[in-house]
Each structure stands twice: as structure tokens, then as C-alpha cells.
Amino acid sequence: MNIALWTGQIVLALLFALSGSLKSTMSRQRLLETGQTGAAAYPLPVVRFAAICELLAVLGLVLPQLTGIAPALTGWAALGLVVVMIGAMAMHARLAITQHKPAQWRNVGVNVLILALAAFVAAGRL
């Protein structure tokens, strides 16, 4: 079980390190061009704040378990990402419905998978 949890933590850390890095450095237009469609739904400072939260979660997913210092923080970081994914699902569903963009439903599906992985890590580490 520990190997499965570490695998989940690493996958989430890599995913959110990339996402957080992109959201914290790219312009809104460039984010949209690279598929980060959520950047259109919120003001850029909100997108940047989400990016910082994602990058902090990356640290929380790895460092507490790696160092043995406050290892429960890993579960809380994963739980925070569950909340982020709920927001992402709602935003993509809203884009699909209000702007008649059915391709956004694919993003909702991806968000569900990421949410499930984060929930697995949270449940296993809390």
C-alpha cells in the first residue's frame, strides 16, 4: 500500500508542479493556447493564486513523508487538491454548459481521475 501511495503522490506532484509552473509564469493567452482553458474563466490574479497553491501542495505531497516531519501534512495536501479538483470540475462543466463547449466535458473527466487519485492519497495518508 505504501508503494501505491507513493506512486500516487509522485504522479500528483509531477502533474501539479507542471500545472502550477505554467499558471504562475505564462500569460493568459499562452495558457489558453496550451490547453489551460480555466484561465479564461477567472481573473489572472486568481489563476496565479491557484498556481501558488498547487506548487505548495507539491511540497506537501512529498516533503512530510520523505523527511518524516509531520507526515499527516501529506494527506492534508492531497485533500486540498481534492478541493481544487472539485472547483476545476465545476468550472469546466460551467464552460461546457454556458459557452456550449462540449469538449470541456473531457476536462471534467480528467479532473475526476485526478480527484480520485488525490482522494486515494488523502485517505491513505490521513
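## Secondary structure and overall form

The chain of this predicted model contains five helices and zero strands, helices being DSSP runs of H or I with at least four residues and strands runs of E with at least two, and from the N terminus its elements follow the order α-α-α-α-α. The radius of gyration is 15 Å, close to the 14 Å that the globule rule gives for 126 residues, so the chain is as compact as a globular protein of that length; the radius is taken over C-alpha atoms, and the rule is 2.2 Å times the number of residues to the power 0.38. Along the principal axes, the C-alpha trace spans about 45 × 25 × 20 Å.

## Burial and contacts

Of the 126 residues, 36% are buried, that is, under 20% relative accessible area with a 1.4 Å probe, protein chains only. Where contacts (heavy atoms within 4.5 Å) link residues at least 6 apart in sequence, 64% of them join residues at least 24 apart.

## Arginine 125

R125 lies in helix α5, which covers residues 104-125. R125 is buried but has no salt bridge, the nearest side chain of opposite charge being that of E54, 21 Å away; a salt bridge requires a side-chain nitrogen of Lys or Arg within 4 Å of a carboxyl oxygen of Asp or Glu. Beyond its neighbours within four places in sequence, R125 is in contact with N2, L5, W6, Q9, Q65, A72, T74 and G75.

## Basis of the values

Residues are numbered from 1 along each chain as its sequence is written. Local features need pLDDT of at least 70 and side-chain atom pairs pLDDT 80 or more, whereas totals for chains, interfaces and linings use all residues, and side-chain values use heavy atoms, without hydrogens and water.

Note on methods
Buried means under 20% relative accessible area, exposed over 50%, partly exposed in between (1.4 Å probe, protein chains only). Lys and Arg count as positive and Asp and Glu as negative; His and the chain ends are not counted.
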